[in-house]
Amino acid sequence: AGNLEQISELVDQNIIELLVHTLKENNDTKLLAACLEALGGILKEYKAQEGFSTRTILEQLASCGGYDVIEALQNHTDNQIYSLISDLIDKYFECAD
């Protein structure tokens with residue numbers, strides 16, 4: 001976790017693309033969970049702050065193939081990964097602010 005300034009700097013430095021790449025190229029459930037938790041933390045922080053919007057993050061996800069990766073992970077056999085994915089979709093993907 002970090003403050004909004006730190007998170008915003010990471011977003012500006014393409015952390016979303018790196019997270020998506022890691023989610024796509026790895027099968028280690030601990031690493032997948034860490035990436036999904038990081039993505040969820042970024043979305044949560046952006047949603048909570050006035051003047052910020054999850055739309056920025058969702059657009060970055062779309063531009064680097066993140067939606068396809070998240071869709072594929074919905075079929076993951078690990079319950080923790082499935083739960084994290086379901087939580088992200090329920091909170092952020094069905095209605096971006």
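Biologist: Which residues of H2 meet Gly 66, Val 69 and Leu 73 in H5?

Modeller: Val 20, Leu 23 and Lys 24 do, on the H2 side. Bear in mind that this is a predicted model.

Biologist: At what angle do helix H2 and H5 pack, and how far apart are their axes?

Modeller: The angle is about 40°, and the axes of H2, residues 15-25, and H5 lie 10 Å apart.

Biologist: Is the crossing of H2 and H5 left-handed or right-handed?

Modeller: That crossing is left-handed.

Biologist: Thr 22 is also found in helix H2. Is Thr 22 buried or exposed?

Modeller: The cut-off for buried is under 20% relative accessible area. Thr 22 has 14% relative accessibility, so it counts as buried. Leu 31, Leu 32 and Cys 35 touch Thr 22, leaving aside residues up to four places away in sequence.

Biologist: Which backbone oxygen lies 2.9 Å from a polar atom of the Thr 22 side chain?

Modeller: The backbone oxygen of Leu 18.

Biologist: How should I read the pattern of buried residues along a helix such as H6?

Modeller: Start with the general idea. An α-helix has 3.6 residues a turn, so residues three or four places apart point the same way. In H6 the buried residues are Ile 81, Leu 84, Ile 85, Leu 88, Ile 89, Tyr 92 and Phe 93. They cover an arc of only 130° around the axis, which puts them on the same side of H6.

Biologist: Which exposed residues does the face of H6 turned away from its buried side carry?

Modeller: Asn 79 and Asp 90. As for the buried residues of H6, what covers them includes helix H3 (29-48), helix H4 (54-63) and helix H5 (66-73).

Biologist: How does the span of H6 compare with the expected one?

Modeller: H6 runs over residues 79-93, 15 residues in total, and reaches 20 Å from its first C-alpha to its last. That is close to the 21 Å expected at 1.5 Å a residue.

Biologist: What caps the N-terminal end of H6?

Modeller: Asp 78 does, with a side-chain oxygen 2.9 Å from the backbone nitrogen of Gln 80.

Biologist: Ser 8 lies in helix H1, residues 4-12, and Ser 63 lies in helix H4. How do I classify these two serines?

Modeller: Apply the cut-offs again: under 20% is buried and over 50% is exposed. Ser 8, at 16% relative accessibility, counts as buried. Ser 63, at 64%, counts as exposed.

Biologist: What does Ser 8 touch?

Modeller: Tyr 46 and Phe 52, with residues up to four places away in sequence not counted.

Note on methods: Residues are numbered from 1 along each chain as its sequence is written. This is a predicted model: local features need pLDDT of at least 70, side-chain atom pairs count only at pLDDT 80 or more; totals for chains, interfaces and linings use all residues. Side-chain values use heavy atoms; hydrogens and water are left out. Helices (H or I, at least four residues) and strands (E, at least two) are DSSP runs, numbered from the N terminus. The expected span of a helix is 1.5 Å times one less than its number of residues. Buried means under 20% relative accessible area, exposed over 50%, partly exposed in between (1.4 Å probe, protein chains only). The arc is that of the directions from the helix axis to the C-beta atoms. Contact means heavy atoms within 4.5 Å. A polar contact is a pair of N or O atoms within 3.5 Å; within protein, one must be able to donate a hydrogen and the other to accept it, and residues adjacent in sequence count only if both atoms are side-chain atoms. Axes are lines fitted to C-alpha atoms, for helices over the stretch in contact, and angles run from 0 to 180 degrees between N-to-C directions. A crossing is left-handed if the near helix is turned anticlockwise from the far one by less than a right angle, and right-handed if clockwise.
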